Structure formats: structure tokens, C-alpha cells
Amino acid sequence: MTQHVKLTINGQAYEADIEPRLLLVHFIREVANLTGTHIGCDTTSCGACTVQVNGVPAKSCTLFAVQVEGDEIRTVEGLEVGGKLSPIQEGFFQEHGLQCGYCTPGMMMTAEAFLRENPHPTDDEIRRAISGNLCRCTGYVNIVKAIQYAAKAQHEPETAPTAPAEVTP
Amino acid sequence: MHFEGTLDIKAPMVTVYQFVVDPNRVAECAPGFKSMEILAPDHFKPTLAVGIGAVKATFTLDVTLEDTHEPDHAAMHGRGSAAGSAVDMSASMSLTPTSDTETRMAWVADVNISGTLASVGSRLIEGTAHRLTANFFDCFRTKLEAS
Amino acid sequence: MTTDTPEIHGMGHSVKRKEDARFLRGKGHYVDDIKLPGMLYMDIVRSPYAHANITKIDASKALALPGVLAVVTGKDLDAAGLAWMPTLMSDKQMVLPVDRVVYQAQEVAAVIATERYIAADAITQVDVEYEPLQPVIDPFKALQPDAPLVRPDREQKTNHIWHWEAGDAARTDAMFKNAEVVIQQDLYIPRIHVSSIETCGCVASWDPVDSKLTVYMTTQAPHAIRTVFSLVTGIPEHKIRIISPDIGGGFGGKVPVYPGYVIACVASLQTGRPVKWIEDRSENLQADSFARDYHISAELAATKDGKMQALRVKTLADHGAFDAAANPSKFPAGLFSVITGSYDLEAAHVAVDGVYTNKPSGGVAYRCSFRVTEAVHTIERMVDKLAQTLSLDPADVRMANFIPPEAFPYKSATGWEYDSGNYPAALRKAMDDIGYADLRREQAEKRARGELMGIGISNFTEIVGAGPSHTFDILGIKMFDSCEIRVHPTGSAIARIGVQTQGQGHETTFAQIVAEELGLPVENITVEHGDTDTAPYGLGTYASRSTPTAGAATAVAARKIRDKAKKIAAHLLEANVDDVEWQNYKFQVKGTPGRSVTMKDVAFAAYTNFPSDVEAGLEAVDYYDPPNMTFPFGAYICVVDIDRGTGQVKIRRFVAVDDCGNIINPMIVDGQIHGGLTMGMAPALLEAITYDENGNIQQGTLMEYLLPTAMETPAWETDKTVTPSPHHPFGAKGVGESATVGAPPAIANAVVDALSHLGVTHIDIPITPWKVYELLVAHGAAEL
Amino acid sequence: MIPDKFTYFAPTTLSEAWSLLQNHPDEAKLLAGGQSLIPLMKFRLATPAYVIDMRKIPGLDTLEERNGYLAIGAMTRESALEKSAVVRRRYTGIYEASSVIADPLVRNFATVGGNLAHADPANDHPAMLLAMRASVVAASPRGQRTLTVDDFIVDTMETALTPDEILTEIHIPSPTAHSGSAYVKFERKVGDYAISAVGVQLALNGDTISQAGIGLTNLGPKAIRAAAAETFLVGKQPTEENLREAARLAASAAQPMADLRGPESYKRAITQTLAGRALRAAAQRAQAGAQ
């Protein structure tokens with residue numbers, strides 16, 4: 001039995017008839033075809049699927065899409081505005097805050113929301129804030145630096161050279 | 001998981017013995033008993049919906065009575081699967097009369113749970129299995145003393 | 001015609017990563033992102049038992065579900081001769097069992113359905129009847145005569161797989177006989193799992209018109225996989241295309257061929273439609289290959305004043321039900337014989353016995369280079385135990401026993417030729433960085449107050465870059481690696497490599513190698529890999545081999561291009577070739593810097609104005625066969641504080657001084673070390689896979705298998721020394737795994753050091769709070 | 001991991017929710033934050049035929065001090081407790097418990113009511129709420145009743161709620177000025193359940209303890225009230241000696257089982273350590289409040 005849901009992802013409205021058991025992460029990846037949000041576990045442990053629901057970071061593998069009916073979802077694809085990387089993306093680029101890139105979208109969605117609440121964090125506060133997101137590659141050192149970079153960049157918008165534009169493969 | 005216990009039942013040993021080798025009576029005491037298929041007097045398949053809180057698993061156990069010595073010993077062996085998991089259990093009961101109307105039952109049970117339940121629920125399994133097993137045998141006493 | 005030399009950003013520059021552009025925007029292309037028209041989904045029925053006969057599989061209920069197309073069982077595969085497949089270690093492995101399962105979570109049947117959710121429903125509707133058998137869990141008991149057989153399919157009716165030795169037994173025994181001091185220690189290096197955040201999976205797509213099988217898969221070694229697939233299925237190799245898209249972490253776990261890949265291919269062949277299979281995390285954790293699981297017994301002979309003389313090691317290796325490790329063929333125990341480490345020993349002997357148990361396959365890497373982690377942990381613990389026994393400072397004992405810098409190239413007691421090293425310099429730097437003397441003073445003060453603080457050193461030597469063709473092969477394929485470079489007319493280039501990145505940043509670092517060698521700006525160089533239809537043959541990325549092998553091939557291919565370019569440059573400069581030299585990224589007439597042309601100029605001429613005795617175009621390929629392994633090393637120092645009330649170990653500081661020779665990109669090397677240290681710390685303190693007596697895995701989800709978060713991970717401090725490899729084209733060594741190999745003993749040594757005054761001499765990893773606390777209780781030092 | 005099929009309802013009133021519960025006895029499950037339920041459903045260890053999402057029922061996310069107590073709506077997010085200045089200042093133990101549950105992302109959706117009603121012995125709120133002598137409000141078509149947390153939590157994952165009852169609010173008595181509370185949890189890593197955790201609340205009357213509450217997490221089939229330790233403390237001064245004895249008594253109330261988090265003896269021993277630390281912190285806070 002399906003149910004009709006409407007929700008907004010990155011400002012764009014999506015409507016679909018879905019099974020109530022459809023996980024939000026599958027709605028995002030399979031219905032909206034936004035594959036930047038990843039899946040890394042079954043137990044709400046890894047945070048690879050982190051998106052923002054009405055601005056609040058959440059693990060989208062632990063929400064049914066029907067639960068966020070009418071809500072505003074933001075995914076990694078919604079970070080870049082007007083062809084310009086957001087400070088958090090810029091921070092991850094400048095500070096080498098990613099390696100395989102798999103946890104990166106979730107990590108950035110957590111960090112971006114965190115910096116809105118705490119614009120001048122300490123390193124320890126950052127570590128605590130990202131402790132629901134696992135990274136196996138970086139050892140977190142450069143992720144902490146990346147988030148600090150973004151914290152500073154928020155206050156001084158013009159910064160170093162930006163990451164190259166996306167190349168269509 | 002190994003559990004054991006002793007029960008003092010206010011019923012004569014022969015009555016207790018007849019109870020524990022009667023599939024219908026035994027199955028009624030099984031946790032979450034739903035239904036049963038009896039294949040032979042010593043071979044039956046109860047369906048059980050076992051659970052605590054939100055967790056529920058429905059098992060169909062294939063049970064055989066074995067090693068029965070009237071009037072003081074009975075044993076059973078069961079196996080079943082559900083939700084990517086398997087359950088293997090064996091239980092034995094030894095009866096001694098403490099009087100003409102009272103019987104002491106010493107029971108021993110070994111329960112093995114494998115698969116998803118074991119890997120996801122290991123934290124809660126031992127306590128739960130212990131509780132369910134003890135309830136199973138306690139139920140014998142309740143039913144026997146009620147009848 | 002000279003133009004200004006643009007910024008090249010070659011060797012040694014912290015160039016920002018090219019691949020980040022897509023990852024930062026959520027535009028990576030991982031396997032699960034691939035959607036093909038008509039694609040089906042596969043899900044797998046797995047065994048709850050570790051050891052059981054399968055008496056019946058009834059798929060009728062599953063097949064009755066709308067959307068279910070097929071249920072594949074072992075019997076189906078058997079009919080096609082595909083129920084078993086070869087492993088990389090001369091063993092064979094079940095794809096799907098015909099009548100018996102040999103580990104928990106083993107694949108039993110596969111369901112093919114039109115949707116992921118339907119496939120998930122269908123696996124619950126496949127009824128499998130089992131008859132449980134007694135499982136073999138303990139590898140020591142596995143060798144007892146009455147142990148049940150894990151592998152009755154083999155001719156040899158034993159659970160013993162192989163015996164392997166290295167070194168000189170007689171000489172070692174003789175040294176022990178006369179030794180003044182003998183230190184003995186048993187160590188268990190537990191089974192662990194790489195758990196890359198992306199699990200394994202594939203999309204297999206059989207094109208019936210073209211008779212071609214394309215498989216997008218999470219593999220670290222696409223070419224080797226293609227060859228194996230071709231050998232197993234009989235499909236000609238040119239009709240198989242393996243594509244490794246973006247890989248969400250590999251660490252060794254994505255080297256093996258897992259049954260799921262093969263079943264998906266069979267399912268695609270059967271249905272004529274693409275089939276996607278993506279593992280769940282719990283499947284990944286429970287069934288994919290594991291690392292370590294070595295039961296080691298080590299002895300060290302030394303003089304009274306702490307001079308190490310000989311090492312004798314016996315090991316039992318638990319390989320699970322199939323010997324499906326991914327070691328080079330001649331090395332069933334990997335490079336474990338590098339166990340003499342950084343020390344100048346007169347003799348050593350190592351013996352390893354492989355054993356089958358009812359567990360998933362063991363012996364793959366966990367970000368380590370073929371069993372080097374086990375070796376390093378052993379020798380570094382033994383050195384510390386020697387120091388403790390003789391009441392010497394562990395740093396002093398190391399300094400007194402290092403292979404001296406002037407002794408390189410150095411032949412080790414087990415036969416390796418170390419290429420280069422300067423161990424005292426690295427240790428001295430680490431000691432200076434962390435303030436070793438001050439820490440020892442602080443420790444003494446704290447001990448007087450009853451506080452527990454420990455300082456641990458690890459001075460590891462790695463062995464990476466497999467490897468020279470005279471020694472190294474996998475299934476007979478020599479372990480060379482490759483690069484093919486093509487320079488385009490306008491001065492940009494593409495390099496295709498035989499290795500496969502899983503986050504190491506190859507698209508950037510290999511471009512830097514080309515940039516350095518050709519004098520073309522790094523941003524104008526594209527690096528491609530992972531597609532067997534386009535990339536040159538290579539053995540893939542694992543065991544820190546990319547830079548030592550394919551990196552070398554890249555430099556050599558570029559130099560071949562430069563040789564040709566020189567002829568064109570001479571033509572352009574109207575000079576004799578012998579009078580042209582490569583200086584400052586330009587060709588110039590010797591002694592006349594004003595007369596020069598850039599590679600960009602030459603590239604254009606290679607297509608528009610080349611001399612008559614030179615072919616058009618500018619490209620080259622190189623298959624590099626390394627003359628030797630490279631031996632990166634490092635000195636790590638760890639400081640821990642221990643809570644006497646809970647046994648909790650806190651890493652206060654950790655300084656890592658690494659030496660991987662010449663560095664391509666310091667930013668990326670630093671990142672590799674941060675990650676490696678974290679994956680070294682994890683098994684030292686948190687991660688381990690254990691089984692109960694029935695063979696139930698006890699850490700089957702990430703709730704129980706404890707990957708460290710940012711909170712458990714310390715702020716790593718890194719530093720370096722540079723001792724180039726004398727045989728590598730640009731003096732580099734591998735680095736991806738150094739820190740994983742080197743970190744665990746630094747941590748273990750620090751914990752033992754904190755407790756050494758109580759009489760504690762060893763603690764096995766993972767060092768859990770309760771293990772520490774029980775030691776505190778035993779020695780009267782616990783605090784309530 | 002894909003959950004089994006179910007029918008989803010998002011009622012907008014409690015009455016609607018009650019009638020759904022009554023119409024589908026045994027087959028319906030209330031969904032609050034879902035951070036425990038949904039993982040169980042993904043493993044198909046929970047397969048409710050009907051899921052009743054509470055998100056649209058207004059008034060269940062209260063967080064306010066009323067006359068003499070703090071009212072926490074059942075649907076109040078853990079993160080709301082963590083961020084509340086009042087909770088942090090006056091109900092410090094609750095703040096500390098909220099901020100160590102699972103991980104920060106889970107806390108953004110996990111609810112206090114869900115944590116309590118799930119009655120997992122490893123959940124952090126029950127023990128702290130025992131220490132704070134909290135009560136819960138259960139509402140059904142027959143009206144509402146208030147019961148203590150002691151009575152509410154019956155056994156492992158079993159509460160006193162009748163099949164058609166819904167937990168709507170948690171009430172924590174407002175502490176006196178001279179009170180202090182603390183929650184000390186020891187876990188293997190962030191996101192883990194406690195190896196052991198202890199919640200404490202102490203109230204002082206002058207320099208003697210007038211009220212003591214101590215709860216233990218993950219040390220038995222359900223959260224445990226360390227009653228002997230509480231009784232011991234009342235009427236005594238919060239001296240180091242007394243607190244140590246109370247910690248010893250608290251640990252002796254634990255009924256731990258050996259598991260991957262450690263052997264029984266270890267859990268008992270560190271419970272004494274953690275109880276001591278929680279008692280000292282609570283006593284200090286109480287004394288600070290008294291100044």
C-alpha cells in the first residue's frame with residue numbers, strides 16, 4: 001500500500017507515491033536521484049546518510065520518508081550556492097578534510113548545522129559535534145581543521161582560491 | 001546458554017510426569033504459544049511468537065521428546081528459525097517425589113540462538129532467554145497446581 | 001619561442017586534490033550510485049549457523065512474491081560448474097554451498113527481484129533447513145585429531161592448511177642455547193575487520209548482443225579480478241570489463257572476490273538484465289574477509305647489557321574456512337618474516353602454521369602490508385619487554401640495537417634486503433618533538449603520587465611495494481605495475497594507471513609525478529584508473545604498493561616521453577640532440593638558457609612539426625618491475641594516562657615521525673598518516689572480532705564493532721625525516737599503511753609502561769578498560 | 001536492511017491515536033523519534049503491522065517548569081534538553097544524561113518519552129529519572145494517571161502502560177536551592193550503551209542530606225534504584241567517608257551480567273567508582289547551591 005508524500009529537497013518540491021516503509025535515505029537517493037547522501041550501516045552508527053531536516057542534522061537511514069512529509073530537507077547537493085562552494089565545502093577542500101569522500105557529505109551536513117549554532121567552536125566542541133559521523137580515512141584531524149576553516153571563513157567571506165569547478169565525467 | 005532450576009510442585013510425581021510428556025500441555029507453557037501441529041506423540045511443532053517490548057520473533061519449533069524414563073525423567077529437543085536467526089534448545093527434567101502429593105523437578109536447559117538475533121540482540125538475549133526459560137518451567141507448576 | 005614557465009606543482013607540493021571537486025558536491029560515483037535501465041536487485045540469504053548441513057532449500061514462497069524473478073542456489077551454480085571458485089591462495093572457496101555451510105552468515109541463496117525492497121522481503125521467504133554440526137572455533141583445538149573437519153572436500157583430512165618458515169632455525173637455536181637472557185612472550189593479535197564506510201557491492205551487466213559482461217564493482221584490483229573472472233567463467237577476457245568507480249575506502253577489504261560479485265554476474269547472465277548487489281553493513285562485518293588472527297609465541301635472545309641477538313617465533317594463523325587471503329603466492333604468511341624489524345639481529349627463525357576454522361576467511365589486510373602489523377607488534381613488544389627485564393630505558397635499548405645508518409643496504413636475518421634507513425635520526429626527532437626526558441620526569445613524579453602515566457615507543461620498519469617479479473606474483477601474475485601517458489597537442493596530458501585509488505588521492509599525486517617529469521602544470525594532467533578497457537594492466541592498490549610500483553612506472557613512462565620530446569625539442573631549437581638538456585622544466589641548448597622550449601611547445605610540435613626521423617605523437621607506456629621492496633620506517637611515541645577507577649586508557653599525546661623517502665604531496669602523506677594512526681589505535685584499544693563457542697560472531701554490527709569516533713581519536717602530531725629509496729625512480733617509498741603498522745605497539749608499550757612498576761609485563765590488544773582494571777586489581781592498584 | 005511492510009498513521013489527536021491502538025491491539029506500535037524502533041524494524045526484529053507516528057499530535061513537546069516540577073513532553077527531543085538553560089542549571093543530571101545518549105545526531109530526533117517507554121535497561125534516562133524521583137503521565141480514553149518511574153518500568157523493555165495508554169509527559173520535581181544532581185556514564189565509545197552509569201540527586205538541609213536519589217543504568221534487567229545507599233545517606237553529612245560508603249552500597253545494588261562490556265566483577269567495581277564520582281559531583285553542586 002502506498003502513500004502520497006510531498007517534501008522539499010534543496011528547495012525543490014518532490015512528490016511521490018511511496019510505501020510507508022521507504023527510508024528517507026532511499027527517497028533521497030532513489031526517488032529524487034540525489035546520490036550524494038550515502039549509506040554506511042544498519043544501526044544508526046555511521047552518519048554517512050546525514051541530511052538536514054528543517055535545518056537539523058539527522059540520520060536519514062533512521063527516518064521514514066513519510067515522517068518528514070512537508071519538511072524541508074537539505075542534502076550535500078544543496079550546499080553550493082550560485083556555483084560557489086559554501087564555507088564548509090571550501091574548508092574540507094583547503095584542509096584536506098576528505099579522502100575517499102564517502103563520509104564527507106554527511107560530515108559536512110552535520111558540521112554546517114553545527115556552525116550555525118556555534119560559530120566560534122573549540123576543537124573539542126567540533127569533535128563532540130561530529131561524533132555521530134564515522135570517518136575511516138582521515139583520522140579526523142583535518143576534518144576538525146576543515147570545520148575551523150569554515151568557522152573563520154563565515155566571518156570573512158572572501159578567502160583563498162576555491163576548489164575547481166566540477167568536471168562532468 | 002545454560003540454565004537450570006528446581007521447582008517444588010504440589011502434585012504427585014506421576015501427574016507431573018504425564019504433564020511433561022504431553023505435547024499439548026507442554027506447548028501451552030511455551031512463551032508466546034500460538035498454535036501447534038502434532039506429528040507423533042513425541043514429535044510436535046509449536047509456533048511461538050516470542051518477544052520483549054518491540055522485539056518479536058515468530059518461531060516454529062520442531063520438537064522431539066527423547067530420553068524419557070517413566071516416571072522420573074523426560075527430555076526434549078527443539079529447533080527452529082525466524083528473522084535470519086535459529087534457535088536450538090534442549091531441556092531435561094528429573095523428578096523426585098518429596099511426598100505423595102509433592103514432587104521436586106530439577107530442570108536443565110541449554111538454549112543456543114544464532115544469526116541476527118544473536119548478533120544484534122546479544123546484549124539482551126541472555127537475560128531474556130533466562131527469564132523465558134524459567135517462566136516456561138514455572139508455568140508447569142502453575143498449570144499442575146491449578147488442575 | 002620561449003614562453004614563461006607556468007607553476008608546475010610537481011613533487012613536494014601540497015597540491016589540493018583534484019578529486020575533491022566531485023566529492024565535495026555529492027557528485028562522486030560510487031557503485032550504489034549506478035543505475036542502469038532495467039536493473040534488478042539481488043539480496044542474499046545467509047546461514048545462521050557456523051557449521052551445518054543444508055538438508056533442504058524451499059524457495060517457492062519467495063518465488064511467489066510479485067517482483068521476484070529468480071532464486072539462485074548452490075545447486076544451480078553447481079550445474080554450471082560455478083559453485084566453487086579459486087581463491088588467490090591456491091585454495092578454493094564456495095560461491096554458494098551445495099550441501100554444507102562452514103561459517104555463520106555464509107551466503108546460502110540469492111534472490112533476484114525488480115526492487116531492492118522486494119528482494120529484502122523475499123530473502124525472509126526462502127526456507128532453509130539445516131542440520132547443525134559441531135563448529136570448530138578454537139584454532140588450537142582445530143589441530144587436535146578428534147576435531148571435526150572444516151573442509152572435508154580437501155584431500156588432506158586435517159584442518160591444517162600449510163606450514164611455512166623463514167630464517168635459519170639451526171643458527172637461531174644455537175644462539176638461544178648460549179644466550180645470557182631469553183625473553184618469552186605469547187601475543188594474540190585479534191581478528192579485525194576493515195569496515196570501510198562504503199560496504200562492498202557491484203552492478204553486473206551482461207550485454208547479450210555484444211556477449212560482454214561489464215561489472216562495476218568495489219574492487220582495489222580490477223585487472224586481476226577480470227583475469228580471475230575470465231578463468232572461472234570461460235568468458236574471453238576482452239569480453240569482460242571491470243570498472244572500479246569511486247571506492248569508499250578499501251584498506252584491503254576490497255581485494256578479495258566475494259561470492260556476491262560472482263552470483264550477481266551469474267544472475268545477470270541468466271536474466272539478461274543488469275543486477276545490483278550492495279551489502280548491508282552487518283553482512284559486510286559478518287561475512288567479508290577478516291584480518292590478523294595470529295596466535296604468536298615469541299622468544300628473544302640477548303646479552304645482559306641489552307644487545308639483541310636472535311629471535312624465534314612460532315605462530316598459529318586462523319584463516320577461517322577458506323584460505324582466501326590476498327598474499328603474494330610464495331608468501332602464505334605474507335611478509336611476516338620482516339619481524340626482525342629495525343634491529344640488527346644475528347639470527348632469526350619464524351614458523352607459521354595456517355589452520356581452518358568455521359569462521360569467514362581470514363588473512364586479508366587491514367590497512368597493513370601483508371602481515372607486517374603482526375610482525376611489528378611482536379618485535380616492538382619484545383624490545384620493550386627486554387628493556388623492562390633489564391631495567392633499561394626502552395629508547396636506549398632501541399638505540400643500541402638499531403641497524404646502523406651506514407649498514408644499508410642491509411641484509412636481514414630472515415633474508416630481506418632493506419634499501420635505506422636512518423632509525424636513530426627518526427627516534428631522536430620523535431623524542432625531541434615530544435620532550436621525552438621531561439615526560440620521564442613527569443612520570444616519576446606521578447608514580448610517587450600514585451598516578452598512572454605511560455610512555456610507549458615503536459620504531460617500526462615496513463616492507464612495501466610488492467614487488468619484484470623474481471619473488472612476487474599473485475596467481476602467477478607478476479606484481480609489476482603500469483602507467484600509460486599521452487600528451488595532447490596543446491600541452492595537457494592523460495595518465496592511465498594500473499592501480500586503483502580508494503581515497504589515497506591518486507588523481508592528484510600521479511598528476512604531480514607527471515607534472516614533475518614533464519614540466520606540465522599539474523592542473524593540465526588527468527589521471528584515469530579503474531577501467532580495465534582503458535587502463536593498462538596492473539595489480540591494483542593495496543599493501544602500500546601504488547607509489548613504489550605504479551608511481552615508478554609513471555615516472556619512467558614520463559621519462560620515455562621526455563626522451564622523445566628531447567629529439568623534437570632539438571628539432572625546434574635547431575640544435576643537436578646531444579646539445580639539448582632538460583633544465584628547470586624546459587629543454588634548453590646547453591649553456592644557453594635563453595634558447596629553450598617548453599614541453600607545451602614540444603607537444604604541439606609532436607603533432608604539427610616533428611622531425612622526419614621521429615614518429616608523430618607523444619605517448620609512452622611503462623610496466624615497472626621494481627628491483628626491490630621499499631622499507632619505510634618511523635618512530636612513534638605515545639603518552640597515555642590511566643584512570644585507576646575504571647581502567648580507561650586515554651592517549652594524551654602521540655607523535656609520529658615517519659620516513660617514506662621523497663614525498664610527492666606532503667598534505668596527502670600527512671592525511672594518510674592521520675588515518676593510518678587511527679586505524680592503528682582502533683585495534684589497540686577498541687576493535688576485535690570474537691566468536692562464541694557456537695561460532696556466533698559477537699560484533700556483527702557497528703553497535704558492537706567499535707570504530708573510533710572523533711572523540712576517541714587523539715589529535716595526532718606528525719613529523720618526518722627523509723631517507724630516499726636508492727632504487728625507486730624518484731626516491732619514494734609507500735606510506736599508506738605505515739601508521740597502522742607502527743601505532744599499536746606504541747600504545748600497548750605505553751600502557752605496559754604505565755603499569756610496569758607494578759610488575760605488569762604484557763597486555764594483549766585490544767586494551768579494554770576491563771583488562772587494564774583487572775591488572776590494577778591483581779596488583780593492588782585499583783581505586784574505587 | 002529494509003523494514004517489513006506496515007501501515008502508517010500520523011494522528012493529530014490523542015483520541016485518534018487511542019482508537020488506532022484499540023483497533024490494532026498487539027499489532028500497532030507508537031513511533032516517537034524512532035531512533036531505537038527503526039533500527040529494530042530494519043533488522044525485522046520488530047515488525048509492527050501498524051505504525052502510529054506521534055509527531056502531529058500537538059502539545060507533546062513541552063519543556064517548561066510549572067508549579068513545582070519540570071514538565072517534559074514525551075516527544076521532546078533529547079537535543080532540546082541538552083540545549084535548555086533551565087535543564088542545564090537546575091536539572092544538571094538530566095542535562096548530563098541527555099548529552100551522553102547515543103550521539104549528537106541521534107539526539108536530534110530521539111525523544112525523552114521514547115527513551116523511557118522503550119525501557120531498555122541500557123537507556124540513560126530511566127536511572128536518572130529514578131534518582132530525580134520523577135513521575136510519568138499516562139493517558140488513555142479512560143483518563144490520565146500519574147505513576148512513578150519506579151512503577152512505570154516493569155522489566156526489560158516492559159512498562160506499566162496498558163495497551164491503549166500513551167506516555168504523554170514526564171514530571172521532575174523541582175529541586176530545592178540546595179540540591180545537586182549528576183549523571184556519570186562510562187562507555188566504550190561515543191554512541192555506545194553504558195558499561196555502567198550512575199545518576200544521583202542530593203538535597204541538603206543545612207549540612208545534612210535531606211534527600212538522596214541514586215539510579216543505575218545497564219546493570220540489571222531494568223534501571224535500578226540503589227535504595228540502601230539512599231537510605232544510608234539521608235540524615236548524614238556529605239563527607240567523603242559517607243559518600244564512599246554510599247557508593248559501595250550503590251554498587252552492591254547492581255545486578256550486572258558479563259558481556260562484551262566486561263565481566264560482572266568489573267562492572268560492579270566501576271559502578272562503585274562512578275557512583276562515588278556522581279555523588280561527589282552532586283554533593284558539590286548541592287553545596288554550591290547552598291552558598
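Of the 147 residues in chain B, 46% are buried (under 20% relative accessible area with a 1.4 Å probe, protein chains only). This is a predicted model: local features need pLDDT of at least 70, side-chain atom pairs count only at pLDDT 80 or more, and totals for chains, interfaces and linings use all residues. Residues are numbered from 1 along each chain as its sequence is written, and chains are lettered from A in the order in which they are written.

Chain B has 3 helices and 7 strands (DSSP runs: H or I of at least four residues for helices, E of at least two for strands). Along the sequence they run β-α-α-β-β-β-β-β-β-α. The radius of gyration of chain B, 15 Å, is close to the 15 Å that the globule rule gives for 147 residues, so chain B is as compact as a globular protein of that length. That radius is taken over C-alpha atoms, and the rule is 2.2 Å times the number of residues to the power 0.38.

Now the contact with chain C. Chain C gives 13 residues and chain B gives 14 residues, with contact meaning heavy atoms within 4.5 Å. Together the two chains bury about 930 Å², 46% of it on carbon and sulfur atoms. Buried area is the accessible area (1.4 Å probe) lost on being put together, summed over both parts. On the chain C side, C:P48, C:Y49 and C:N696 lose the most area to chain B, together 41% of what that side buries.

Key: Heavy atoms only, no water. Buried < 20%, exposed > 50% of the residue type's maximum accessible area, 1.4 Å probe, protein only.
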